[in-house]
Every structure is written in C-alpha cells, then in structure tokens.
Amino acid sequence: MTLMSVENVSFSYGAGRRVLEDITFDVPRGSNVGLVGESGSGKSTLLRLLLGLDTPRSGRILFDGQPLEAKSGRYMRSYRRRVQAVFQDPYSSLNPAHRILRIVTEPLRSLKVPGDHRAMAEEAMAAVGLPADSLGRFPDQFSGGQRQRIAIARAIVARPELVLADEAVSALDLSTRVRVVDLFRDISERMTMVFVSHDMGVVAALCDRIVVLDRGRIVEAGETARILADPQNAYTRSLLSSIPRMPEGA
Amino acid sequence: MSDLLTVEGLTLATSETRLVEDLSFSIAPGERFGLIGESGSGKSLTALAVTGLLPPAIRPSGSIRLGGTQVVGAPERALVRLRGDAVATVFQEPLTALDPLMPLGAQIAGPVRRRLRRSSSDASRGAVRREVMALLEQVRLPEPERLTRAYPHEVSGGQRQRVAIAMALACRPRLLIADEPTTALDVTTQAEIVQLINALVKELGLGLLFISHDLPVVGQVAERVMVMQQGRAVERGSTARVLIEPEDAYTRRLVDAARRFDSALEGRP
C-alpha cells in the first residue's frame, strides 16, 4: 500500500529556473525511502514540498490517497499529526530556553492531542534511549547525539505515520552517527520514513529504496540492493565511486 | 633533527580545563601526517597552536618547533613571518575563509604580494598577476581569467576550496595544514579535492598535517596517523595498521563505525 505518492511534480522559486522537474515516486507504507543528492540536486526543495511548506507548480502529492492541501490550515493540522520531521542541526532545532519536557510535548499541545502528555513524552524518551529524568533538563546539558535523540523523541511523540528526516545524522560524529542510525532503524520498524541525505553510506544502512536526484531530476530509483550492486545511471555510478572506503586488510 | 614540525609535550589549557594534554608528534619534510578525532578531541586546537593562532584564553605549554623556530611563547612578529614561510592552513569552510566582498584574484594577490616584497623580488602588478595565474593553474581551476574577477558566492564550493588552497600555496609554505578541508563539500567534489591535495603535496614536496574525523578520507591521504580523544593521543602508527588493526578501544569503535557504512554500501546492511 502506498502511503505517499509524488506525481509529476515540478517546482521553481518565483520566475526562476526549475529546481524540480517531473518528479515521480512512491513511498510504500512501512518502507524507508532515501532521497539522495548533492548540493543543487533539489532534495531540500522536494522535502519542503513533502512537508507542505511549498506547493508544486505542477503535478501533485498524494498522502494516504488524498492530495496534500498545503494551503488549508485545517488539513495541515491533521497532516502534521500524521507526518513529523527531524532536521539536521541538533543545536539549533531545540529551543535552548525550554525544558526537554516542553520541547518533546510541543507537537502534542499544538496538535491538541488528548491524554497524559508527560506519560507520552516518557514513552518517547524511552524509545530513543534517554532516561525519563532528562525531561526536567535543558538542551545545553546534552551532547549533539543526545540532542538528536530528543529531536527524534519529539518527532515520534504524536505517533505519526510518516517521519521525514533531513540530513538527520550528518552533523553527528561518526561513532554517534552509527548509534543514531541504529535508532532510526528501530523506529522505522513502526513507521514509514523518508530519509533525505547526501550520504549514500547512511542511506544504504537505513533505506530499502533509494531515489537519486541530480539537478532537479530523478536520475535513478529502485531497491537499495539493486542500485548499490548495479547502478544504471552515470551520475549514480560516480556518486558511489566517489565515496572513500576504508583500506582492506590482507 | 631535520623534522619540519616537532611537537613535544604540548598541553593546551584554559584557567579551568585542560583541552589538550601532553601531545607529541613530528612531521618530516614531504611527509603526510593525519590527525584523526571527533568533535572535542582537540585536533583543531592543535592546528591553531602550531600556527600560533590560539585564542588568548588558551595557554600553550610544552614545545612546538616549526622549521627550527619555537612557536610556544614566540612574539607575534616572529609568528607572522612563520605563518607564510613555514606553514599555511586550509580550513573546512572556504566560504568563511574568503572575503565575500573581494574578487578571488585580489584575495590570492594579497599573500603573493607580501611574499614577493618580503623576498625583495619584483612585486609589480604584472609580476603579482603572473603569479596569481600560475597558482590558479596549479590548483587546476578552469578559466582562470574569469575566476580572478568572480566573487566567492559566484563559484562552486569545490572551486572556492581550490582558491583557498591557492592562497595557502601563495606563501610557498613547507608545511600545509588542512583542517577538515573536504567536510563541507559534496562527495564527488571531496574526491577531487583529496586528489588535488595529494598531487600538490607530492609536486611541491610539502609536509602535510591533515586533520579529519573522516577515517576513509584520512586513509586516502596520510602515511602515518594519530588518533585523538578528548585532548589525548590514544593511538598512532602507520595509516594502514591503525585503520586495519586498531589496538585502542576508542580507535576500534571509530573503525567499526566507518566499516559499518562501508559494508552497507556493499549491500550488507
């Protein structure tokens, strides 16, 4: 079953040149889809469209069979409950003046989710491997990796069906990155994920499907295993071959 | 000792904390040395200490001999001279290293003119211009004429980093410090910059201090590496040995993490 489909979507800012051209792909329910591209590929613009922050110039985006109505406040409120996001920078995405409890429960308040918000926050914190007493502390008492866990807890607290992650591990140190990738894998067992990244290694570790973007177009899309083993497009091949690998032992 | 850089018992501290503790390493002329560490390891502070550019609140002790001159405690005047003659640095983000309001050609011309004047060579406009063009060619930038007139925001990230490398080379240093020079770049551009640095270091016989958190990138550049964790060296040795058979627990964790992503790329997630 398809949770989200992007159909022939094009986009440009103002009268400028097209930054996305005829983008079409599906996000099957329960899957992890990686959107891979370098700077200027249009991946960030595409993510803005998926978040409903901009609307396509042409084409359409369907969520659960219904068109995404980015301009309808009422629609967007229910959309935000079903779709949440995690961003790159764990230092700027958490309000430093707020306690973690207030940060993590923010979606519950703004979406007017009924129930015991503290209990929900505790459950979300447990899911990301942070102790419940973290809720009384402030962001500056946590490391980068822990802050990203808090951002993930905030994204999953309202039990969304889809999580959109934008370079969500790129700012983390290597050893932390591996652990947060593992956390995303755990979480993705329970929901659908779209993972936007320039880092093919991370996407390969996390996603079952990959969409490769280059200068606003999809140059290749398919199952991760197939794309890694047998990339058809020249750009995909150069992207894969540019990634430095560890030296092999004798 | 014919080492280009010899660091012995280097400790960097504020009034409250020690940021780097008892660090020793050396780099011979023409040698490519890698400093591996994550954030907070002290690797970038070490680079700043070598060039005498530490923030005033951080006090160095121990010894840093660069091209025969003691850096620790040296007066600023001596350091200024050292920073062109002996060492030049390329940083992570070329956009912040370059002046946004100055054409690229003029930015490279600055250090070229200073070097020519210092060595009492011909520092006329024509001589400076010839040297700028030669440098742009050396860093393999296409259309050097157009580039000299362009501003930093008008060229790509990879081209900006090439300009930053040209500026570093303008001083004809014997030691090049590259502090995460590929981290802010696209993967395909990263590979080109690594190739360029490797080629230039070989061509010019430079010593290289290559600082990065990215193990496979360091693996492509350095012959010897040192791994730092929270201000201390935890492991050192030949790059192949450290990346294939790490002995220290922390190094092993880094190597395992890097290999995780490698095997994911081989289709073994």
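Helices (H or I, at least four residues) and strands (E, at least two) are DSSP runs, numbered from the N terminus. By that count, residues 5–255 of chain B are 43% helix and 25% strand, with the end C-alpha atoms 27 Å apart. UniProt, in an unreviewed entry, places the feature "domain: ABC transporter" on this stretch of chain B; such annotations may be inferred rather than shown by experiment.

The model is predicted: local features need pLDDT of at least 70 and side-chain atom pairs count only at pLDDT 80 or more, while totals for chains, interfaces and linings use all residues. Residues are numbered from 1 along each chain as its sequence is written, and chains are lettered from A and ligands numbered from 1 in the order in which they are written.

In chain B, 6 strands form an open sheet of mixed pairing, in the order S6-S7-S8-S3-S9-S10. Two strands pair if DSSP finds at least two bridges between them. The edges are S6 (87–90) and S10 (232–238) of chain B, each pairing on one side only.

Strand S8 (residues 207–212) of chain B has 6 of its 6 residues buried (20 or more other C-beta atoms within 10 Å of the residue's own, with C-beta atoms placed from the backbone). Gly207(B), Leu209(B) and Ile211(B) lie on one side, and Leu208(B), Phe210(B) and Ser212(B) on the other. S7(B) runs parallel to S8(B), joined by 5 bridges, and Leu176(B) has Leu208(B) as its bridge partner. Strand S3 (residues 32–37) of chain B also pairs with S8(B) in the parallel sense over 5 bridges; here Ile36(B) stands opposite Ser212(B). By contrast, S9 (residues 224–229) and S10 of chain B are antiparallel over 6 bridges, with Arg224(B) opposite Ser238(B).

Now to chain A and its contact with chain B. Two residues are in contact if their C-beta atoms, placed from the backbone, lie within 7 Å. On that basis, 25 residues of chain A touch 29 residues of chain B. The elements of chain A that give two or more residues to this side are H6 (174–188), H7 (200–206), H8 (224–229) and H9 (234–242). H7(A) gives the most, with 5 residues.

Within chain A, helix H3 (residues 100–110) packs on helix H5 (residues 144–156) at about 35°, with the axes 6 Å apart. Axes are lines fitted to C-alpha atoms, for helices over the stretch in contact, and angles run from 0 to 180 degrees between N-to-C directions. H3(A) contributes Ile100(A), Ile103(A), Val104(A), Glu106(A) and Pro107(A), and H5(A) contributes Ile150(A), Ala153(A) and Arg154(A).

Technical notes
A residue is buried if 20 or more other C-beta atoms lie within 10 Å of its own, exposed if 12 or fewer, and partly exposed in between; C-beta atoms are placed from the backbone.
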